[in-house]
Amino acid sequence: MNVSVVLFTADLRLHDHPPLRAALDGSRQVVPLFVRDRAVDAAGFAAPNRLAFLADSLRDLDAGLRERGGRLVLRSGDLVDEVCRAAGEADADEVHLAADVSAHARRREERLRAALEAQGMRLHVHDAVTTAVGPGAVVPSSSDHFAVFTPYFRHWSQQRLRTPLRAPGPVRVPDGVGSQELPSRGDLSGLSPALAEGGETRGRRQFASWLRSGIAAYEDRHDDLAGDATSRLSPHLHFGTLSPVELVHRARRAGGPGAEAFVRQLAWRDFHRQVLAARPRAAHADYRTKHDRWRSEHTAREDVEAWRAGGTGYPIVDAAMRQLRHEGWMHNRGRLLTASFLAKTLYVDWRIGARHFLDLLVDGDVADNQLNWQWMAGTGTDSRPNRVLNPVTQAKRYDPDGAYVRRWLPELRGVAAPAIHEPWKLPGPDRASLDYPDPIVELSAGLDRFRRAREAR
C-alpha cells in the first residue's frame with residue numbers, strides 16, 4: 001500500500017499544510033477528505049453563516065487540488081465511520097490530520113485512532129497547524145497551562161516557529177473513492193446580507209492587501225470602530241484558509257508596532273486554545289466561578305430580546321449588534337462592549353450571549369468565543385473580574401464623531417456627536433422626533449445590581 005488519507009478539518013488550505021505534505025511524502029497517492037460531521041450539526045454549530053463560508057472554502061480547496069491533478073473528497077455522517085470507509089476504498093495505510101483542542105475533537109481523535117488501528121492503519125496527528133504554537137508547547141512549571149496571558153505571551157514569543165511550507169506540487173488521488181457534491185452558499189438561506197467570501201484564494205489576497213496598507217497602523221487604529229482598521233482575517237483563521245504560522249512569520253518580517261500588535265492578537269488566539277485544551281469544560285462552564293446567580297433567558301426575556309435586536313437604547317451597543325446581524329461579524333471593541341453590557345450591566349448569563357454570537361458569527365469559534373465571553377463576564381482569565389465597560393464612555397472614546405453609530409443606526413443619522421451617544425438627553429422636541437428607544441436600564445442601576453450580586457457571593 002502506498003496511499004494516505006489527509007483529513008481536512010479547520011485547515012482548509014494548500015499553503016503551509018503539514019498533514020498534506022506528510023501524506024504526500026515519498027510520492028504517495030493521497031485522498032484529500034473532508035467529512036461533514038453530523039455530531040457538529042447535532043450540537044447546533046452548523047450556523048448558516050459558517051456553512052456558507054465553509055462551502056466557499058471547500059470549493060476553493062477543490063479548485064486548488066484540481067489544478068494539481070487531484071480533487072477533494074466530501075462525505076457526510078459520523079466522521080470516524082466515513083474516514084475508515086474512505087481509507088478502505090483507497091486501500092490506504094495511514095491518515096493524517098491537524099490537532100484540535102475541543103473536547104469533541106479530542107474524543108473524535110481517540111475514536112478514530114482506535115478504529116484505524118483495528119484495521120491495521122496508523123493515525124498521524126500534526127501540531128501547529130491551526131495554531132502558531134501548539135497548546136502543549138508552552139507550559140508553566142507549576143501547572144498544565146498558563147492562566148494569565150502576559151507570562152504566556154512572554155514564553156510564546158520565545159518559541160521557534162516551524163518554517164511555513166509551500167503549497168504542494170502534483171496531487172494524485174486513487175481511483176474508486178466516491179465523493180458527494182460540494183455544497184454551495186447559493187443553497188443556503190438565513191445568511192447575513194453582507195457575509196464575507198470564504199476560501200484560501202480570497203484569504204491570501206486579503207492578507208497580502210492588509211500587509212501593504214493596513215498593518216502599519218494597526219496598533220494605533222485597531223480600536224477605532226468607525227475606521228474598520230482591523231484585518232478581518234478571523235473567519236479565515238477559524239476555517240484555516242490561512243495559516244497562523246505563516247501569518248506570524250510574515251507579520252514579523254513586516255515589522256513595526258502594528259505588526260507586533262497583530263502578532264500579539266494571534267498569541268491571544270493560541271492562549272485561548274491552550275486554556276481550552278487543559279480545561280475543556282470552559283466551553284460551557286465557568287473557568288473561575290464567582291457563583292453568580294445570573295438572570296436566565298426566561299427571567300430577562302425582554303432585555304435579552306432588546307440586546308439581540310439592537311434595541312437597548314445605548315447606541316454603541318445597538319450599532320454593534322446590528323453589524324453582527326448584517327455582516328456575521330463584529331468589530332472586536334464592539335464584542336467587548338456588547339458582552340459587558342449583557343453579562344454585567346444586564347446581569348444575564350454569559351452563555352446566552354455566547355450562544356447568540358455562535359449563531360451568527362462566521363468566525364464563531366468555541367475557544368475564542370466562549371473564553372472571550374468569560375473574560376468579559378468575569379468568570380474567565382481576566383485579572384479584574386469585576387470590571388464593567390461603560391458604553392457611553394467607551395463610545396465617546398472609540399467612536400468620538402459617532403460615525404460608527406450612524407452607519408448602523410439610520411434613525412440617529414441626524415444627531416451630532418457627542419449627543420448621538422446619549423440621545424435620551426436631547427431636548428424634548430428633538431428626542432421625540434427620533435424613532436429610537438429609551439435605555440432599557442440605567443447604567444448606575446445595572447452597575448449596582450452587578451456589584452451587589454458579586455458581593456453577596
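Q: Which residues touch the most other members of the largest nonpolar core?
A: The model is predicted, with local features needing pLDDT of at least 70 and side-chain atom pairs counted only at pLDDT 80 or more, while totals for chains, interfaces and linings use all residues. A nonpolar core is a set of buried Ala, Val, Leu, Ile, Met, Phe, Trp, Tyr and Cys residues joined through side-chain atoms within 4.5 Å; buried means under 20% relative accessible area, exposed over 50%, and partly exposed in between, with a 1.4 Å probe and protein chains only. Among the 50 residues of this core, those that touch the most other members are Trp307, Ile316, Phe357, Trp373, Tyr404 and Leu412.

Q: Which elements give two or more residues to this core?
A: Residues are numbered from 1 along each chain as its sequence is written, and side-chain values use heavy atoms, with hydrogens and water left out. Elements are DSSP runs numbered from the N terminus, helices being H or I of at least four residues and strands E of at least two. The contributors of two or more residues are α12 (301-309), α13 (315-327), α14, α15 (350-360), α16, α17 (391-398), α18 (403-408) and α20 (443-455).

Q: How many residues are in the other core, which lies apart from it?
A: In soluble globular proteins, nonpolar side chains tend to be buried together. The other core includes Ala132, Trp156, Leu233 and Leu266, and its residues number 36.

Q: Which residues does Trp373 touch, not counting those up to four places away in sequence?
A: Contact means heavy atoms within 4.5 Å. With residues up to four places away in sequence set aside, Trp373 touches Trp307, Thr338, Ala339, Leu342, Trp350, Gly353, Ala354 and Phe357.

Q: How do the residues of the contact of α14 with α16 divide?
A: Leu336, Thr338, Ala339, Ser340, Leu342, Ala343 and Lys344 in α14 meet Trp373, Trp375, Met376 and Ala377 in α16. Ala, Val, Leu, Ile, Met, Phe, Trp, Tyr, Cys and Pro count as nonpolar, Asp, Glu, Lys and Arg as charged, and the others, Gly among them, as polar. The residues of this contact are eight nonpolar, two polar and one charged.

Q: At what angle do α13 and α15 pack?
A: Met321, Leu324 and Arg325 in α13 meet His356, Phe357 and Leu360 in α15. By class, this contact has four nonpolar, one polar and one charged residues. The axes of α13 and α15 are 9 Å apart, and their angle is about 35 degrees.

Q: What is omega for the cis peptide bond that joins Ala417 and Pro418?
A: Most peptide bonds are trans. Pro418 is found in the loop between α18 and α19 (428-432). The bond from Ala417 to Pro418 is cis, and its omega is about 0 degrees.

Q: What is the relative accessible area of Asp228?
A: Asp228 is not a glycine, yet has a positive phi of about 50 degrees. Asp228 lies in the loop between α8 (218-221) and α9 (234-239). Asp228 counts as partly exposed because its relative accessible area is 31%.

Notes:
Axes fitted to C-alpha atoms, helices over the stretch in contact; angles between N-to-C directions.
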